[in-house]
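Take a look at the chain below.

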Amino acid sequence: MDRYPALNLPPVRLRAAHRHGEERVWDGLRGCWLLLTPEEWVRRHVIGWLSDCIGIPAVNIIQEYPLSLGGTRQRADIVVTGRGQQAVMLVECKAADVAIDQCVLDQAVRYNSVVRARYIMLTNGLRHYFFAAGDGAGITRGLAQAGASGVRAARAIAKRIEEED
């Protein structure tokens, strides 16, 4: 795991193994081994941050959330749910060397047209952006970018999840 960069997220303890010549990491939420890619490296850290630092229960974190867009099957990286498993936040993760740009935001907005979460988080592990979604897919305003304001935004989202339960 030394080949992956340090991220702007707290470190996580990962259970890793080499299988069939590939580095794999244990996904405790789904109970399976996953190929450790640069994007998975970021996703593991985001999940750890959401659960361990922000306090979102593991049962409210859904990985690779299946959705259908224009007849094609897609998967949102992470969807955080609240009461009744209603989507509260959609998280789109990219590898650390991938810029968070308009294309990434457009992808998340397309996914959110189906998911209908109230918040969207975009991250490459180094930079994190939070948005409040409008009525369905539209973005009404950016909430925060990285730093303490991003943590406050995520904690506010976690508080809303608690209030709904």
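This is a predicted model: local features need pLDDT of at least 70, side-chain atom pairs count only at pLDDT 80 or more; totals for chains, interfaces and linings use all residues.

Two strands pair if DSSP finds at least two bridges between them. Strands themselves are DSSP runs of E with at least two residues, and helices are runs of H or I with at least four; both are numbered from the N terminus. By that rule, strand β2 (residues 22-27) and β3 pair in the antiparallel sense over four bridges.

Residues are numbered from 1 along each chain as its sequence is written, and side-chain values use heavy atoms, with hydrogens and water left out.

How confident is the predictor? pLDDT gives its confidence in each residue, from 0 to 100. The protein chain has a mean pLDDT of 84, and 81% of its residues reach 70 or more. Among the elements, strand β5 (residues 72-81) has the highest mean, 95. Strand β9 (residues 139-145) has the lowest, 50.

Now return to the sheet. It is open, it has three strands, and their order is β1-β2-β3. The pairing is antiparallel. At the edges lie β1 (16-19) and β3 (32-35), each pairing on one side only. On average, neighbouring strands of this sheet are turned by 40° against each other, direction ignored. The angle is taken between axes, which are lines fitted to C-alpha atoms.

The loop between β1 and β2 holds His 20. Phi of His 20 is near 55°, a positive value in a residue other than glycine. Is His 20 buried or exposed? Buried means under 20% relative accessible area, exposed over 50%, and partly exposed in between (1.4 Å probe, protein chains only). His 20 counts as exposed because its relative accessibility is 79%.

Next comes helix α2 (residues 102-115). It has 14 residues and reaches 19 Å from its first C-alpha to its last, close to the 20 Å expected at 1.5 Å a residue. That expected span is 1.5 Å times one less than the number of residues. At the start of α2, a side-chain oxygen of Asp 101 comes to within 3.1 Å of the backbone nitrogen of Cys 103. The buried residues of α2 include Val 104, Leu 105, Ala 108, Tyr 111 and Val 115. An α-helix has 3.6 residues a turn, so residues three or four places apart point the same way.

Arg 116 follows α2. Arg 116 lies in the loop between α2 and β7 (119-123). Its phi is positive, about 65°, although Arg 116 is not a glycine.

Definitions and conventions:
pLDDT is the predictor's confidence in each residue, from 0 to 100. Axes are lines fitted to C-alpha atoms, for helices over the stretch in contact, and angles run from 0 to 180 degrees between N-to-C directions. A polar contact is a pair of N or O atoms within 3.5 Å; within protein, one must be able to donate a hydrogen and the other to accept it, and residues adjacent in sequence count only if both atoms are side-chain atoms.
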